[in-house]
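Please open the model in a viewer and keep the selection panel at hand.

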Amino acid sequence: MSLTRLDCDIFRGQDVPADASSYIALNPLAKPAQLVFAGSTAVLQGLGSQVAYRLALDYFMRGVESHYADLRGGDASRAEQIGEDEVTRILEDAFRTANTSVYGFGHKLAAGGRMAASLLGMVVVQDRFAAARVGTGSVYLFRDNQLFPFFGSDDAERAVVGDIEEFPSALSVQRQAFVGSNSLIDVEIASVTLSAGDVVCAFSRPLSSLNETLLFQHLESVSAQGFPVSQAPHAAEDLCVEVFTQPDTLSFCCLATVGPEVIYCTKRVS
């Protein structure tokens, strides 16, 4: 089944340093219900990590573009036939490209270990959705009044003091997997088939148990009012205000809602 409506809204806290994180979202095929989103944050203070997150985003998109170039190559049925395995392969190749480039760049500058970034990516093609991360991002699916996390979290990762994203120590970065920190990295990937009424939420940080409860309550409340049939303006900001005590420190939040099936009219009859 092909989705025909996907509403996307993004929030970024006003207190987030401009040189510490960024994101990109686009519709690479310029067709309904298509989405590529990537968000990256520096995990160390200093120029090396600042360069790393920018390179991670840039090369992630280059990796994605290599796949979509084929989908735009003229075969109209190509995108219709994409399978779940290929959606995850898009993310695998994009993360591989990003890590190889950041890691190689760091060692050319003798900055190995100082160039590290957290990276989260999501892809929607037709009704196939996949999300992947290296670092501390989180993704949730809200469906039929139930909230499902895409990635597991350990106790240390969930300890977000005061809802503020803090730079970890250099030692903790060496112990964890981040883009650019090692020549090979483990990428967590999860995928699902979307349907009308689904809501996907992506955050730059892990959520505590309290955050998850507040997220569920907010989505349950707006769903009872007709959401996500029509997504209100500033929906992502409203969600973050309800979920976090200090939403202005959040590097990014992407809220994507699958609407009911619609018909697009492209020709006008005189």
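A pocket, as used here, is found on a 1 Å grid over the protein atoms alone: it is an open set of points with protein on both sides within 12 Å along at least five of seven lines, whereas a cavity is a set of points where a 1.4 Å probe fits but cannot get out; lining residues have an atom within 4 Å of a point. This is a predicted model, in which local features need pLDDT of at least 70 and side-chain atom pairs count only at pLDDT 80 or more, while totals for chains, interfaces and linings use all residues. Residues are numbered from 1 along each chain as its sequence is written, and side-chain values use heavy atoms, with hydrogens and water left out.

**The whole protein.** Display the cartoon: the protein has six helices and ten strands (DSSP runs, H or I of at least four residues for helices and E of at least two for strands, numbered from the N terminus). Of the 270 residues, 49% are buried (under 20% relative accessible area, with a 1.4 Å probe and protein chains only).

**The second largest pocket.** Select E92, F95, R96, N99, T100, S183, L184, I185, V187 and I189, which line the second largest pocket. Helix α2 (residues 84-108) gives the largest share of this lining, five residues. The volume of the pocket is about 170 Å³, taken as the space filled by probe spheres set on grid points that are joined across faces, edges and corners.

A search of the whole structure finds two cavities of 30 Å³ or more.

**S40.** How large is the relative accessible area of S40? The value is 0%, so S40 is buried. The S40 side chain reaches the backbone oxygen of S118 at 2.9 Å. Leaving aside residues up to four places away in sequence, S40 touches several others, including Y53, L57, L119 and F252 (a contact means heavy atoms within 4.5 Å).

**D7.** Finish at strand β1 (residues 6-11), which holds D7. With a relative accessible area of 17%, D7 is buried. Its side chain makes a polar contact with the side chain of R5 at 3.1 Å (a pair of N or O atoms within 3.5 Å; within protein, one must be able to donate a hydrogen and the other to accept it, and residues adjacent in sequence count only if both atoms are side-chain atoms).

How values were computed
Buried < 20%, exposed > 50% of the residue type's maximum accessible area, 1.4 Å probe, protein only.
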